[in-house]
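Please keep the sequence and the structure in view while reading.

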Amino acid sequence: MAFPEGFLWGGSVAAHQLEGAWDVDGRGPSVSDVLTGGSRERPRRITIPLEEGEGYPNHEGIDFYHTYPEDIELFAEMGFKCFRTSISWSRIFPRGDEREPNEAGLEFYDRLFDCLLAHGIQPVVTLSHFEMPLALATDYGGWLDRRCIDFFVRYATTVIERYHDKVRYWITFNEINNQANVSRDLYGWVNSGFRPSEFENPRKAMYQAAHNEFVAAAKVVSAAHEIDPALQVGCMIAMIPYYPYSCDPDDAMCALEGMHQRYYFSDVMCRGYYPSWAKAEWERDGTKPEMAPEDEATLRAGVSDFLSFSYYMSMVEKQEPGDLYVRRGSGDEHTVRNPYVRTSDWGWNIDPVGLRYSLVSLWERYQLPLFVAENGLGAYDELKDGTVDDDYRIAYLSAHISEMEKAISQDGVDVIGYTPWGCIDVVSFTTGEIRKRYGFIYVDINDDGTGSRKRFRKRSFGWYKHVIETNGAEL
Ligand code: BG6
């Protein structure tokens, strides 16, 4: 049996994508509340103020704020050992810069975590999953302002002190490396509360925001250990491995440089210092972030206890002639189609082996426990006779779990948990659609707002239940 006793099987979501109740019980708006709906062809827009007649799907989500008791029943029926969700920062500090928290917001998470624990499910909690309070973005410029470090630490220590008996695993920032792609404002906005396109040197701005987040995360790791030494605080990246397009050494180098745009983030958070090539890049491009003298020591003292990551796909890199080894973008501009893999309806490469490749690469690099915090297939589901025959989802997940199993049994990787994304249908992050569905549980809501809001078990529901029951032995 490859999967260890106590392996954390579960599911993953984020507050802003499912809670709804965006203005209930004193909650303030977050950066995700000003994102319109969209689609693969029509990008989501950031609109301040909100526009009349526009749709803002995060405002309702799937109304989990009110339906969580029934939804958790369903998770328990599948046998979830854990449930990864996030705390909506603006439920606790509605503007982000207050001194005192909003008690009604804290009480909601007391109820939610108690309900999970009563069902034998341990919460795994992300502190910041694309939901910084909007006021910090509009009034401070988001994470570019160093004062956000103190605001975040105040928020994080408030919730860690409150819930440390209920929550052992904490994750600081979701997919902190998304913002490395400065070509789309969406990423800078949700990660850090600013729009890269408004800056002359967007990468400099991005590195500054990231630096402040690194310092904040390190402070939270140290503070959490002081509050309760049993706590495990991890970091989180979007792991999209780059393969070289060919055995041309230039393609290999191109892929390697592309990976720097991922590792930049995990290196600082897992090792406690910046990698050497980052310093060379800052020099070359004038992108060095400003740092306080004490930051170096803070980063070293607050190294993450584990590394969590999302894995959905791999990408392929091809070097353009004349562009050797001088990378100024996210890496994605060198991306070409992989002829060996199929893609999802949203164009995401389906590559289960890439999960093993990622696990081994990260394990070799850091030797820290790894948590597969997201994985899954966004697909069009058809509800028929009260269920969805989502064999395509079962095939996707089963192939990925099987590769994860090899990473454990053959490569000796220490994997502590697996929480497929959107275990219940939620609002898509990149497109704002609900019809891009990932769940084991179908939620009857349509993009135009119609639907009964009822929940239905998909075929994958029973399949995943069996996977958990057999601790991954039968897929
Ligand atoms: C990750 C995010 O990027 O992928 C989630 O952490 C997101 O918030 C998930 O929902 C899937 O992406 P999408 O765009 O299909 O919802």
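On a 1 Å grid over the protein atoms alone, a pocket is an open set of points where a 1.4 Å probe fits, with protein on both sides within 12 Å along at least five of seven lines; lining residues have an atom within 4 Å of a point. Grid points are joined across faces, edges and corners, and a volume is the space filled by probe spheres set on the points. The model is predicted: local features need pLDDT of at least 70, side-chain atom pairs count only at pLDDT 80 or more, and totals for chains, interfaces and linings use all residues. Residues are numbered from 1 along each chain as its sequence is written, and side-chain values use heavy atoms, with hydrogens and water left out.

The second largest pocket has a volume of about 290 Å³. Its lining comprises 17 residues, of which P57, N446, D447, D448 and G449 are the closest to the centre. Five of the lining residues are nonpolar, seven polar and five charged; here Ala, Val, Leu, Ile, Met, Phe, Trp, Tyr, Cys and Pro count as nonpolar, Asp, Glu, Lys and Arg as charged, and the others, Gly among them, as polar.

Helix α9 (249–271) and strand β9 (335–336) each contribute at least two residues to the lining; helices (H or I, at least four residues) and strands (E, at least two) are DSSP runs, numbered from the N terminus.

The ligand sits in the largest pocket, in the sense that more than half of its atoms lie within 2 Å of the grid points of the pocket. It is surrounded by 14 residues, the closest being E175, F429, T430, K436 and Y438; a residue is counted if one of its heavy atoms lies within 4 Å. This shell has six nonpolar, five polar and three charged residues.

A polar side-chain atom lies 3.3 Å from a ligand oxygen atom in the case of Y312, and 2.8 Å from a ligand oxygen atom in the case of E374. For T430, the distance from a side-chain N or O atom to an oxygen atom of the ligand is 2.4 Å. Taken alone, the ligand exposes 380 Å², and the protein buries 97% of that, by the Shrake-Rupley method with a 1.4 Å probe.

Methods: A polar contact is a pair of N or O atoms within 3.5 Å; within protein, one must be able to donate a hydrogen and the other to accept it, and residues adjacent in sequence count only if both atoms are side-chain atoms.
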